[in-house]
Amino acid sequence: MMAETTVFMSTAGMPGRFASNFDFQLANALGSADNGGSATGECYAAVSKVEDGDLDGWHDAWTETARRVEDLASACRDAGHLVSASEAFMRASTYWRSAGFFLERTDEGRIPAWNKNRSCFRAGLALSGIPFETVEVPYENGKSLPGYFVTPSGPVQPRATAIIIGGGDMTAEELYFFTGAAAVRRGYNAFLVELPGQRGAYYSDPDLTFRPDIHVQMGYIVDYALARADVDPERLSLTGYSMGGLFVPRAVAFEKRIKAAVTSSLTPSFVPSISSLIGLKAGESYAEADDLESRVDLSSPMARLLLGDVRERFGMLDRSIKEYLDYLGEFDLWGLEDKITCPLLNIGGAGEGDMSGDSGKFYERLSCDKRHRFIQEREGGEAHCAVNNRSLANQIEFDFLDEVFARSS
């Protein structure tokens, strides 16, 4: 197994098609089917001839599938079959995301693949009849943060609202299939939004890179939400996945207008997992290591992503790996435990490997109303962020929020 399996493990609920992070990304695409974002057969057909680690083969296979399904969607729309068109556009959105996921930062196809992910999603959602708004949250220096505000059908009235963010590689469009659709089915507003540095925000405006003052960034998002007549200020939650498991605690430590938080999973520091994913030895101090540039494992698709596209979006492309890791350390949660006061649910899984250790240590130090749900391998949702069982994860997340908001009403 490659080094990346210390975080993205091969467990019973995973496809088992690849040894590398290809398998996790396949599981992610498959998991979108729970909320209409893919079809199992299309996903397996897409990767049927892809060799593990062949980045070009991965891109080409998913691109062919995305184009075919998008063409199907367009044909259905032109023929007046609007439900079929909506469903196909939504699936095509996921396939375009998969096609572009591992593209090098210098690849001319990187931004077009993301644009296709976005345009297909918007076309599909518009045809679905589900009420939604494309949002540009007013931000600093005249800039904005992209997102979607999706609501249940019915009269405008104050509702529980779930602000939902991803991590280092998720898009606002993907978040709909991850959690947004499940939120709306339960009567919540789903506010899907991207922070500076996340793909949609950065690809739209390269000045928007990741920075550690998450509560400042989240303040603009909360301002926007609370200015709406359809948001109940006492039932406002924040959910974050992967790197979002660090962004959420950093935000709620200072942004007290958020009344409940969900992390999947708690990530007190980016440094240990990213060090592992780029091929450094477990327990090795990167600060004492010589010539990190020559020691990283660039045969790993995830290492190439973290040292290329993700590193660029942290604004550290022209810095050494040591400087990059130093900057990631500025995002650490250690020392903020007592500042987190809203109810918090943490979801972990047996397939997250080394990530669960520090997550557990940080969780134990929290003094707020807290709950932890560890998904076992036998439950088939044990992967990182429960990508292989979003239905189970959605049930855990929203049952918790329902209970928190019922107590406060």
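The following legends describe close-up views of a predicted model.

**Figure 1. Salt bridge between D369 and R407**. The closest N and O atoms of D369 and R407 are 2.7 Å apart. D369 is partly exposed, at 35% relative accessibility. R407 also falls in the partly exposed class, with a relative accessible area of 48%.

**Figure 2. Salt bridges R373 to E379 and R77 to D78**. The structure holds 28 salt bridges, and two of them are shown here. Side chains of opposite charge can pair when their charged atoms come close. In the pair formed by R373 and E379, the closest N and O atoms are 2.7 Å apart. R373 is partly exposed, with a relative accessible area of 25%, and E379 is partly exposed at 25% relative accessibility. The side chains of R77 and D78 meet with an N to O distance of 3.9 Å, which lies within the 4 Å limit for a salt bridge. R77 counts as partly exposed at 37% relative accessibility, while D78 is exposed at 64%.

**Figure 3. Network of salt bridges around R105, R110, D309, E312 and R313**. Salt bridges link these five residues, R105, R110, D309, E312 and R313, in a network.

**Figure 4. The second largest pocket and its lining**. Rolling a probe the size of a water molecule over the atoms shows where empty space is left. The volume of the second largest pocket is about 150 Å³. Its lining consists of N35, G36, V83, S86, E87, M90, L127, S128, I130 and Y176. Two or more lining residues come from each of α4 (82-100) and α5 (110-128). Helix α4 gives the most to the lining, with four residues. By class, the lining has five nonpolar, four polar and one charged residues.

**Figure 5. Helix α1 and the elements that cover it**. Ten of the ten residues of helix α1 (residues 22-31) are buried, so the helix is largely enclosed by the rest of the structure. The buried residues are F22, D23, F24, Q25, L26, A27, N28, A29, L30 and G31. Among the elements covering them are α2 (40-47), α3 (55-78), α4, α6 (172-185), α11 (301-307) and α15. F22 is also part of an aromatic cluster, together with F18, W58, W62, Y95, F101 and F102.

**Figure 6. Edge-to-face pair of F247 and F270**. The count of aromatic pairs in the structure comes to 30. The ring centres of F247 and F270 are 5.8 Å apart and their planes stand at 80 degrees, so the pair is edge-to-face. F247 lies in helix α9 (residues 244-252) and F270 in the loop between β6 (260-264) and α10 (271-277), so the pair ties together parts that are 23 residues apart in sequence. F247 is buried at 1% relative accessibility. F270 is likewise buried, with a relative accessible area of 1%.

Figure 7. With a relative accessible area of 3%, T239 is buried. Leaving aside neighbours within four places in sequence, the contacts of T239 are I163, I164, I165, V248 and V262.

**Figure 8. Backbone geometry at S264, S265, S242 and C385**. Most residues other than glycine have a negative phi, and most peptide bonds are trans. The peptide bond joining S264 and S265 is cis, with omega about -5 degrees. S265 is found in the loop between β6 and α10. S242 is not a glycine, yet its phi is positive, at about 55 degrees; S242 lies in the loop between β5 and α9. C385, likewise not a glycine, has a positive phi of about 60 degrees. C385 is located in the loop between β8 and α15 and counts as buried, at 3% relative accessibility.

Conventions. Residues are numbered from 1 along each chain as its sequence is written. This is a predicted model: local features need pLDDT of at least 70, side-chain atom pairs count only at pLDDT 80 or more; totals for chains, interfaces and linings use all residues. Side-chain values use heavy atoms; hydrogens and water are left out. Buried means under 20% relative accessible area, exposed over 50%, partly exposed in between (1.4 Å probe, protein chains only). On a 1 Å grid over the protein atoms alone, a cavity is a set of points where a 1.4 Å probe fits but cannot get out, and a pocket is an open set with protein on both sides within 12 Å along at least five of seven lines; lining residues have an atom within 4 Å of a point. Grid points are joined across faces, edges and corners, and a volume is the space filled by probe spheres set on the points. Ala, Val, Leu, Ile, Met, Phe, Trp, Tyr, Cys and Pro count as nonpolar, Asp, Glu, Lys and Arg as charged, and the others, Gly among them, as polar. Contact means heavy atoms within 4.5 Å. Rings of Phe, Tyr and Trp (its six-membered ring) pair if their centres lie within 6.5 Å; planes under 30 degrees apart count as stacked, over 60 as edge-to-face and the rest as tilted.
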